[in-house]
Number of protein chains: 2
Amino acid sequence: MAGIKDVAAEAGVSVATVSRALNGHPSVSPAARARVLAAVAALGYRPNAVARSLRTDQTRTLGLVISDVLNPYFTSLARAVEEEARALGYSVIIGNADERPELQDHHVRTLLDRRIDGLLLSPTDPGSPLIPDAVRAGTPIVFVDRWVPGVQVPVVRADGRGAVADLVGHLLGLGHRRLAIIAGPAATTTGSERVDAFRAALREHGVALPDAYIGQGDFQAESGRRAAERFLDLPEPPDAVFAADNLMALGALDAIRARGLTVPGDIALAAFDDIPWFVHTDPPITAIAQPTEELGRAAVRALVERIGGHSPDSVTLPARLVVRRSCGASGPVEEPHTAAPIAHPHPHPHTTVRRSNP
Amino acid sequence: MAGIKDVAAEAGVSVATVSRALNGHPSVSPAARARVLAAVAALGYRPNAVARSLRTDQTRTLGLVISDVLNPYFTSLARAVEEEARALGYSVIIGNADERPELQDHHVRTLLDRRIDGLLLSPTDPGSPLIPDAVRAGTPIVFVDRWVPGVQVPVVRADGRGAVADLVGHLLGLGHRRLAIIAGPAATTTGSERVDAFRAALREHGVALPDAYIGQGDFQAESGRRAAERFLDLPEPPDAVFAADNLMALGALDAIRARGLTVPGDIALAAFDDIPWFVHTDPPITAIAQPTEELGRAAVRALVERIGGHSPDSVTLPARLVVRRSCGASGPVEEPHTAAPIAHPHPHPHTTVRRSNP
DNA sequence: CTGAAAGCGCTTACAG
DNA sequence: CTGAAAGCGCTTACAG
């Protein structure tokens, strides 16, 4: 593989001039630049990014540690992150924690060892000591989606409270009274916030959320299945279940079907996070949609600002309820707290979109 | 950030000894090793992977360029790849080509600039000159899923011919006669092979595949929608549609529903690539399942062999048909070419699994 | 505008 | 068993 020395020899200049020509340094004569470019083309030279990084102390690389690559939500997030990063001249290396603390640490450590310029993190394990360590060491970090309270790092996330309140109103309006939730790990912010929002909204309507109606999941399909089974084994099973992510909703659907029960006939089902397939499930599933792409882009912009030495603000974007048929006959839709409906990426005759209040 | 010199000073040894102690070199006295380890712990030292890579000329990193991160097939593949790579001591950097040739080239180039030790590639653009260039330059490469004919590189993929033949038998057995396919780009191997297999299987049964029944897609949902619409506009629309990937199947389903038609009542639908959601769509979708995890692992093993200087063989694993209800009343299932059914990851009352012949 | 030289943080023959 | 020194491929003050 041709190195900068080969190019210099071929062009009849010093390596310094080659470097300057390639990096657009102004003080290179047009003649020298032309010879360098010709030599580069002739040799098929490509600068060694490893050497350059060592010298410049920057890798032009961002790390992104997500909780689960098999979750379409994180996958869309990753795609948006990569796009925005590329637009700003950065590469991104994705680490998949698979909802496992050790794996999160493994990836964070590996990324740090590679001297990424900044880290985008959606903590699976908010208790990992690596996080405050990295912050203290001065590594630019931004949390996306999930965050760690108390750690001084900008957070880019969606606020689902309004949408959850809309969902609860929707469920109660359809006559459901025994509302249950399959929660994510309480240690994660998205795990606890969604239950809190659900409980708060129920309280507004004077409805309680008994412990038996809080299933403990881990954001994976299997846990959704188990939680749903436990609900169905109750002497008085819930008549509506809200899964805190799309994978647990899938698991819950599996469990409900396995008992020969139907949605929404026997039990209503709704999910946090909207995905294209929800339009085509039987029945189409009512979900809370996050502005995923915007979150990914905003997170990258914030991180790049941090890398630039600034202190970007946290960003919170609203989520919104997308009503389909999984909670009961749609009937005449009453707009919950607001007016204008928003277009949904997958228009469907049975879909109604509602925006939560700001 | 503490460097190796700081550790050496703290431990009272030379940087050479620190390096040896950290890399498990045998000739380090227990005493020195202990002092080094203590110093490392005290300073929170982490070796700079960039510097190490520059010196050793290896990054212990694999590149993986996939065609579309939003496609669950590639996402599972990526997960399996990362797992196996990690087990073998490698990191992986994923590049998403998004089915766009320029993006594929961008990622291949970036990965090569970073001096990855080897590249796993599922070519979106088989015509890219970067591929033969890299092969010529000696970069270890292995193709996964898709490949480029004529390029001397091991290929790890699934052979869907048996399963497609099973599917055609299944469709004809249910009384469908006008079978259509939504194909991927003819330039990609998976794009052309699936049509070829479909056409060959039809010919076996004396059925023709008219041009009008070959929809040209690009493996994205939107193209599936358009192709399905064109089919439905035909004076004699097909009575069964086979989408060459799961995203085009989603698009086709959208289009069929938008016309107020039902599956399989008005038209049958099947897809290449099985995904968990196919169990819960309305109706559950008959699909051809690839052994995705095995493919990912085998690809990594082959690539690591290549990096080790060996010449691994190509690997071809069989795909299999998973019958659900989207092609018509399931009725008594006749096993097509073989005997034993295989367990499916998502057992479901309406699912029957068939293995294609070897 | 250009080149010689130092140096980024490691690893590894070489000599002892 | 250990250290001094060279060198991986670049970039960048410094001097001219």
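**Surface around DNA strand D**

I first listed the residues around DNA strand D in this predicted model. There are 24 of them, and those that come nearest are A:Ser19, A:Arg55, B:Thr17, B:Arg20 and B:Arg55.

I then sorted this surface by class. I found ten nonpolar, nine polar and five charged residues near DNA strand D.

Next I asked which part of the DNA faces the protein. Of the atoms of DNA strand D within 4 Å of the protein, 61% are sugar or phosphate atoms, and the rest belong to bases.

I looked up polar pairs in chain A. For A:Asn23, an N or O atom of the side chain is 3.2 Å from a phosphate oxygen of DNA strand D. A:Arg55 instead has a polar side-chain atom 2.2 Å from a base oxygen of DNA strand D.

I also noted the elements that give two or more residues to this surface: α2 (15-22) and α4 (49-56) of chain A, and α2 (15-22) and α4 (49-56) of chain B. The largest share, four residues, comes from α4(A).

**Arrangement of the two copies**

How is chain B superposed on chain A? I read a rotation of 180 degrees with 0.0 Å of shift along its axis, at an RMSD of 0.0 Å. The two copies are therefore related as by a two-fold rotation axis. I checked the contact residues too: 100% of those of chain B recur in chain A, so the same surface serves both copies.

Last, I looked for the residue of chain B that comes closest to the rotation axis, and found B:Thr281, with its C-alpha at 1.9 Å.

Key:
Residues numbered from 1 in each chain as written. Chains lettered and ligands numbered in written order. Predicted model: local features only at pLDDT ≥ 70, side-chain atom pairs only at ≥ 80, totals over all residues. Heavy atoms only, no water. Near = heavy atom within 4 Å. Polar contact = N/O pair within 3.5 Å; in protein donor to acceptor, adjacent residues only side chain to side chain. Nonpolar A, V, L, I, M, F, W, Y, C, P; charged D, E, K, R; others polar. Least-squares fit on C-alpha atoms with pLDDT ≥ 70 in both. Contact = heavy atoms within 4.5 Å.
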